[in-house]
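These are my notebook entries on one protein structure. I set down what I looked up, in the order in which I looked it up.

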Amino acid sequence: AESCTGQPLPRLAWPQGSRLFTPPAMGLLMMDQNADVAVVAVPFHTAASGLERVYRFFDPATAEPMRYFDEAGATHVVTCSIEPTIAERFQTAQPLAVALTTGAPPAWLKECPGVAALRVYVPAARSEVQCPVPAN
């Protein structure tokens, strides 16, 4: 995949040392689009620990999702941006994923502005983590 919405993803300049917490298939996409970032999970068996952390983060049964974000040494959560009317059918099964893809994050995440087609979040409690900016 080259996009979330059928449009090319924006090229972003990520802060040095960025480690992206993304759904696994998106991890591949982000690596392809941004050679200067690391990702937590890609859809390969050799990435089993990263895959488990991402799945547990999004699992509705997980009481403290940020535990898995922190264990992975991640700096940003990245998802596609999805219209609420499309995402609402997944609300019961994946409430955190729906919240993040529709721009309604929990209080412990803060959305980065100006990133079309993507939703990028940083931990609200970590003011030192900077948002990416559009690349030239």
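**Entry 1: helix α1 and what it lies across**

I began with helix α1, residues 24-33, in this predicted model. I found that α1 lies across β2, β3, β4 and β6, and that it runs at about 105 degrees to β4. I then asked which residues of α1 are buried. They are Pro24, Met26, Gly27, Leu29, Met30 and Gln33. I recalled that an α-helix has 3.6 residues a turn, so residues three or four places apart point the same way. Next I looked up what covers the buried residues of α1, and the cover includes β2, β3, α2, β4 and β6.

**Entry 2: the sheet**

I asked in what order the strands of the open sheet stand. The sheet has 5 strands in the order β3-β2-β4-β6-β5, and the pairing is mixed. Strands β3 (38-39) and β5 (109-111) stand at the edges with a single partner strand each, so one side of each has no neighbour in the sheet. I noted the general rule that strands of a sheet pair through backbone hydrogen bonds, either parallel or antiparallel.

- Strands β2 (residues 19-21) and β4 (residues 76-80) run parallel and are joined by 2 bridges. Phe21 has Val77 as its bridge partner in β4.
- Strands β4 and β6 run antiparallel, with 4 bridges between them. Val78 is opposite Val120 in β6, and Thr79 is opposite Arg119.
- Strands β5 and β6 are paired in the antiparallel sense over 3 bridges. Here Leu109 is opposite Pro123.

In the hairpin of β5 and β6 I counted 6 residues between the strands, and Gly114 takes a positive phi near 70 degrees.

**Entry 3: how covered β4 and β6 are**

I asked how many residues of β4 are buried. The count is 4 of its 5 residues, and the strand is mostly covered. For β6 the count is 6 of its 6 residues. I then sorted the residues of β6 by direction: Leu118, Val120 and Val122 point one way, whereas Arg119, Tyr121 and Pro123 point the other way. Residues of both groups are buried. The general rule I had in mind is that in a regular strand the side chains alternate between the two faces of the sheet.

**Entry 4: the nonpolar cores**

I turned to the largest nonpolar core, which has 19 residues. Leu9, Trp14, Leu20, Met30, Val78, Leu118 and Val120 touch the most other members. The elements that give two or more residues to this core are α1 and β6. A second, separate core has 18 residues, including Phe21, Leu51, Phe69 and Leu109. As a general point, nonpolar side chains tend to be buried together in soluble globular proteins.

**Entry 5: Val54**

Is Val54 buried or exposed? Its relative accessibility is 1%, and a residue counts as buried under 20%, so Val54 is buried. Val54 has its place in helix α2. Not counting residues up to four places away in sequence, Val54 touches Phe21, Thr22, Pro23, Pro24, Val40 and Ala41. Val54 and Phe21 are 33 residues apart along the chain, and their C-alpha atoms are separated by 7.1 Å.

**Entry 6: the whole protein**

I ended with the whole protein, which has 5 helices and 7 strands. From the N terminus on, its elements run β-β-α-β-α-α-β-α-α-β-β-β. The radius of gyration is 14 Å, close to the 14 Å that the globule rule gives for 136 residues, so the protein is as compact as a globular protein of that length. Along the principal axes the C-alpha trace spans about 40 × 35 × 30 Å.

I noted that 43% of the 136 residues count as buried. The protein exposes about 7500 Å², and carbon and sulfur atoms supply 54% of that area. Of the contacts between residues at least 6 apart in sequence, 50% join residues at least 24 apart.

Technical notes:
Residues are numbered from 1 along each chain as its sequence is written. This is a predicted model: local features need pLDDT of at least 70, side-chain atom pairs count only at pLDDT 80 or more; totals for chains, interfaces and linings use all residues. Side-chain values use heavy atoms; hydrogens and water are left out. Two strands pair if DSSP finds at least two bridges between them. Contact means heavy atoms within 4.5 Å. Axes are lines fitted to C-alpha atoms, for helices over the stretch in contact, and angles run from 0 to 180 degrees between N-to-C directions. A nonpolar core is a set of buried Ala, Val, Leu, Ile, Met, Phe, Trp, Tyr and Cys residues joined through side-chain atoms within 4.5 Å. Buried means under 20% relative accessible area, exposed over 50%, partly exposed in between (1.4 Å probe, protein chains only). The radius of gyration is taken over C-alpha atoms; the globule rule is 2.2 Å times the number of residues to the power 0.38. Accessible areas come from the Shrake-Rupley method with a 1.4 Å probe; for residues, only the protein chains shown count as cover.
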